[in-house]
Amino acid sequence: MTVNVVRQPALERLLAYVLHSGTWLATGIIALGLALPLFGLRGVGLAMTGEEIVTAGIAFFILLPVLRVMLMLVMFVREGDYRFGAVATLVLAIIVLGAALGVRTAGVLPG
Amino acid sequence: MNFGFGAWLFAISMGASALGGALGMASGIFIVPILIMFGGVGIHVAVAASLVSVIACSCASSAPFLRNGLTNIRVAIVLETATTLGALTGVLLAGVLPVSLLFLLFAVVLLLSAQQMMARRSEPEAALDEAGAKSWATALRLHSSYPDRMLGREVPYLVRRVPLGLTLMYGAGLISALLGIGSGVLKIPAMDTALRLPIKVSSATSNFMIGVTAAASAAAYFARGDIDPTIAGPVALGSVVGAVLGARMLMVMSGEKLRIVFVVVLVALAAQMLLSAFGVHLGGHAS
């Protein structure tokens with residue numbers, strides 16, 4: 001076989017760790033927010049209601065894959081792989097563009 | 001927040017995700033039609049809630065694949081440029097396309113999934129000898145290897161036809177954002193027939209990518225205020241619990257029987273979606 005085979009086990013393990021712990025953190029936040037009303041509690045500390053805590057957990061879930069693209073970007077650039085750094089930057093740019101378009105079209109969609 | 005409705009959302013998401021996980025399918029394909037038909041939730045809210053659960057399932061199940069060295073992260077990030085762009089297009093189209101067309105599209109995707117479930121996925125023919133030195137995959141250094149437990153060694157593989165893969169992935173991202181699903185229906189053919197990835201690598205990589213694809217559309221829906229936490233919260237929570245249970249169930253249940261149950265459910269949901277597309281509602285309180 002003449003082609004170079006590329007493996008990046010260190011990065012793979014790091015991503016596994018971040019995604020695994022992030023999933024449980026986000027799940028925990030959502031569970032906390034949903035559980036509060038069951039105990040007749042309006043919220044915790046600084047007047048955050050159960051619903052607001054759930055929203056924070058959802059936001060965290062949405063940010064988790066974005067975070068892993070950022071990690072990949074940092075690792076690629078550190079290894080001097082600028083071409084893949086650019087690819088990761090493009091993916092991030094598309095996601096940010098989507099969120100920006102979402103803000104601009106807020107309230108347009110029915111239901 | 002209505003506790004009864006929240007508990008119902010949690011339960012159906014857990015069930016859908018457990019069953020889906022046992023057969024390697026994303027749960028969105030079941031959650032969206034159930035939310036619409038039995039929960040009386042509007043299609044746009046159902047899609048947005050389902051996307052959050054798609055992200056949750058992808059993140060929850062990615063870690064073991066990564067640790068076992070099955071995920072090709074370089075292929076993933078390259079294809080993600082196409083899936084996120086497709087997702088962006090989907091978000092823009094979602095506001096413009098008539099709801100009946102979305103129902104129709106969903107019915108088609110359900111039927112295609114049923115057909116895919118019936119057909120066996122065969123290992124694509126590896127062609128190690130004909131590595132195109134000028135191909136995109138070679139230029140981007142996408143070729144890799146994965147550890148095979150049965151053989152007890154690293155199995156090298158080549159990646160083929162990246163431009164075709166990118167095109168199909170754009171479509172997969174678009175469908176994912178429009179319908180709130182992981183869109184395995186388009187990803188599997190793209191991975192198997194265009195890129196010719198080994199099945200294990202293909203499943204792991206597709207699962208890894210779904211999170212970013214859904215995050216692109218979910219971020220847009222979130223910014224637009226389309227994500228209802230009272231619905232998306234219980235659905236996401238139920239999906240994560242279901243995904244964990246599904247992985248356990250995989251060990252004890254017969255895949256063959258489960259497959260047939262699935263095909264029946266998919267066809268039934270497709271029929272219901274078709275009826276909705278043409279404005280006929282049986283039971284429930286679809287709107």
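Visitor: Which residues does A:Val87 touch, not counting residues up to four places away in sequence?
Guide: Two residues are in contact if their C-beta atoms, placed from the backbone, lie within 7 Å. Leaving out residues up to four places away in sequence, A:Val87 touches B:Ile77, B:Val78 and B:Thr81.

Visitor: What kind of model is this?
Guide: Residues are numbered from 1 along each chain as its sequence is written, while chains are lettered from A and ligands numbered from 1 in the order in which they are written. Local features need pLDDT of at least 70, side-chain atom pairs count only at pLDDT 80 or more, and totals for chains, interfaces and linings use all residues; these rules apply to a predicted model.

Visitor: Is A:Val87 buried or exposed?
Guide: A residue is buried if 20 or more other C-beta atoms lie within 10 Å of its own, exposed if 12 or fewer, and partly exposed in between, with C-beta atoms placed from the backbone. A:Val87 has 21 other C-beta atoms within 10 Å, so this residue is buried.

Visitor: Where is A:Val87 found, and which elements are included in what covers the buried residues there?
Guide: Helices (H or I, at least four residues) and strands (E, at least two) are DSSP runs, numbered from the N terminus. A:Val87 is found in helix H3 of chain A, whose buried residues also include A:Phe84, A:Val91 and A:Ile95. Their cover includes H2 of chain A, together with H4 (73-94) and H9 (199-224) of chain B.

Visitor: Which helix gives the largest share of the side of chain A that touches chain B?
Guide: Across the two chains, 56 residues of chain A are in contact with 60 residues of chain B. On the chain A side, the elements giving two or more residues are H1 (9-35), H2 (50-78) and H3 (82-104). The largest share, 15 residues, comes from H1(A).

Visitor: How do H7(B) and H8(B) run relative to each other?
Guide: Angles here run from 0 to 180 degrees between N-to-C directions, and axes are lines fitted to C-alpha atoms, for helices over the stretch in contact. H7 (residues 162-179) and H8 (residues 184-194) of chain B pack at about 170 degrees, with their axes 8 Å apart. Under 35 degrees counts as roughly parallel, over 145 as roughly antiparallel, 65 to 115 as roughly perpendicular and the rest as oblique. That makes H7(B) and H8(B) roughly antiparallel.

Visitor: What is the bridge partner of B:Tyr146 in E2(B)?
Guide: Two strands pair if DSSP finds at least two bridges between them. E1 (residues 144-148) and E2 (residues 153-157) of chain B pair in the antiparallel sense over 5 bridges. In E2(B), B:Tyr146 has as its partner B:Val155.

Visitor: Which residue in the turn of the E1(B) and E2(B) hairpin has a positive phi?
Guide: The two strands form this hairpin with 4 residues between them. In the turn, a positive phi of about 70 degrees belongs to B:Gly152.

Visitor: What percentage of chain B is buried?
Guide: Chain B has 11 helices and 2 strands. Of its 287 residues, the buried ones make up 58%.
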